[in-house]
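Hi,

Here's the structure I said I'd pass along.

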Amino acid sequence: YVSATMVKLYFSLLRFVRYQTHTSRMFSIRSLLIISAILTIIGVTFASVVNREAAYGEVQQLDRKKITDKCSGIAQQIYLNQGQEVVLQSAGFETGEFVEGCTTNYEVTLDRDDQDLGQWRIKVVLEEMNLPCSSSSLWLLEDGEETHNNQYCNEKTTATGDEEFYSHEHLINIKFKNKGRCQEEGGCGGTRVQMRISAEYVCGGRFDQDNGVITSPLYPGNYINSEACIYDIAAPKKKRISLTCEYFNLSTKCSSGHCGDHNGDKSYFQDITTFERYEGKELEGKTLKSKKNHHTFYFLSNSKDIENDRRQYGFSCSYKFF
């Protein structure tokens with residue numbers, strides 16, 4: 001609109017100069033110079049506006065290309081290193097645009113050090129979400145001992161704050177999908193989701209510093225099902241290790257078949273040196289002492305999912321050298 005107006009003004013002045021030059025002898029050289037200067041200014045301004053409009057058009061084309069690429073449905077690879085985090089946004093997040101038929105796929109892989117005894121998992125936090133279930137959804141997919149297919153949208157998500165998801169394996173798929181048409185009566189403006197994914201320490205590892213603590217996965221929260229952790233504690237030569245469990249409460253639920261004391265498919269904590277196995281609250285307030293400067297423990301949770309159980313399950317044990 002601005003460009004068209006300036007073009008009209010430019011040619012109107014040009015016609016006026018020609019008319020005055022041919023019809024008026026009193027039309028002075030000074031007036032001609034002034035009008036010529038005005039025409040020059042208009043021309044420069046017009047060129048600047050055209051350049052800005054062209055640049056804006058190129059930006060729009062690039063933005064549209066980014067949206068098209070993101071919505072292609074082709075899996076985009078993300079590799080997470082230990083302690084790294086990445087923020088992901090749905091297509092049209094900044095403008096709140098509902099991109100019809102958009103499908104975005106991310107394949108997130110945790111790239112970990114094979115020499116590290118510690119267990120790391122992929123953590124997903126939904127920081128902002130407005131996805132009407134009739135038109136949009138987000139899925140977190142994971143294949144492992146158990147298949148996880150978690151769907152997130154407005155009507156299927158609790159309003160208790162940021163939603164968190166911890167992987168059970170080192171690979172998850174994140175899928176965002178809009179339907180081909182908005183199904184909401186009031187429209188789908190503002191449809192968006194933003195999530196933060198990170199590589200988080202869960203449990204286990206090698207411990208060689210005096211006065212440390214070992215905990216169950218995600219403590220003080222409940223531990224993840226089907227998780228195995230190795231805690232390798234090493235003291236200097238001629239030193240021994242003392243381990244005291246200030247809190248120790250493992251679920252005694254049996255995931256399959258019959259479970260008796262210290263047998264069957266129950267979660268347990270084991271002293272690898274003596275092969276002694278501890279369940280339930282058997283280590284609460286108790287102390288174990290090594291015979292040498294090296295002590296290794298093993299924790300295994302069964303397939304019972306207790307992450308959202310109201311009761312607290314897990315352990316926190318401190319150790320020191322003596």
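To start with one to check on screen: is Cys 245 buried or exposed? With a relative accessible area of 1%, Cys 245 is buried. Do keep in mind that this is a predicted model.

Its partner is Cys 317, with the two sulfurs 2.1 Å apart in a disulfide. Cys 245 sits in strand β13 (residues 241-249) and Cys 317 in strand β18 (residues 314-321), so this bond links distant parts of the chain, 72 residues apart. The S-S torsion for Cys 245 and Cys 317 is about 95 degrees, which makes the disulfide right-handed. Cys 317 is buried as well, at 0% relative accessibility.

A search of the whole structure turns up five disulfides. Two others of these are worth a look.

Cys 71 is bonded to Cys 102, S to S 2.0 Å. This one is left-handed, because the torsion about the S-S bond of Cys 71 and Cys 102 is about -80 degrees. Cys 71 lies in the loop between α2 (29-70) and β1 (72-81), and Cys 102 in the loop between β2 (85-89) and β3 (103-111), so the pair ties together parts 31 residues apart in sequence. Cys 71 is buried at 14% relative accessible area, and Cys 102 is buried at 1%.

Then there's Cys 133 with Cys 153, sulfur atoms 1.9 Å apart. Cys 133 is in the loop between β4 (119-130) and β5 (136-142), Cys 153 in the loop between β6 (148-152) and β7 (163-166), so parts 20 residues apart in sequence are tied together. The torsion of about 95 degrees makes the Cys 133 and Cys 153 disulfide right-handed. Cys 153 is buried, with a relative accessible area of 0%.

Cheers

Terms used:
Residues numbered from 1 in each chain as written. Predicted model: local features only at pLDDT ≥ 70, side-chain atom pairs only at ≥ 80, totals over all residues. Heavy atoms only, no water. Disulfide = S-S within 2.5 Å. Helix = DSSP H or I, 4+ residues; strand = E, 2+ residues; numbered from the N terminus. Buried < 20%, exposed > 50% of the residue type's maximum accessible area, 1.4 Å probe, protein only.
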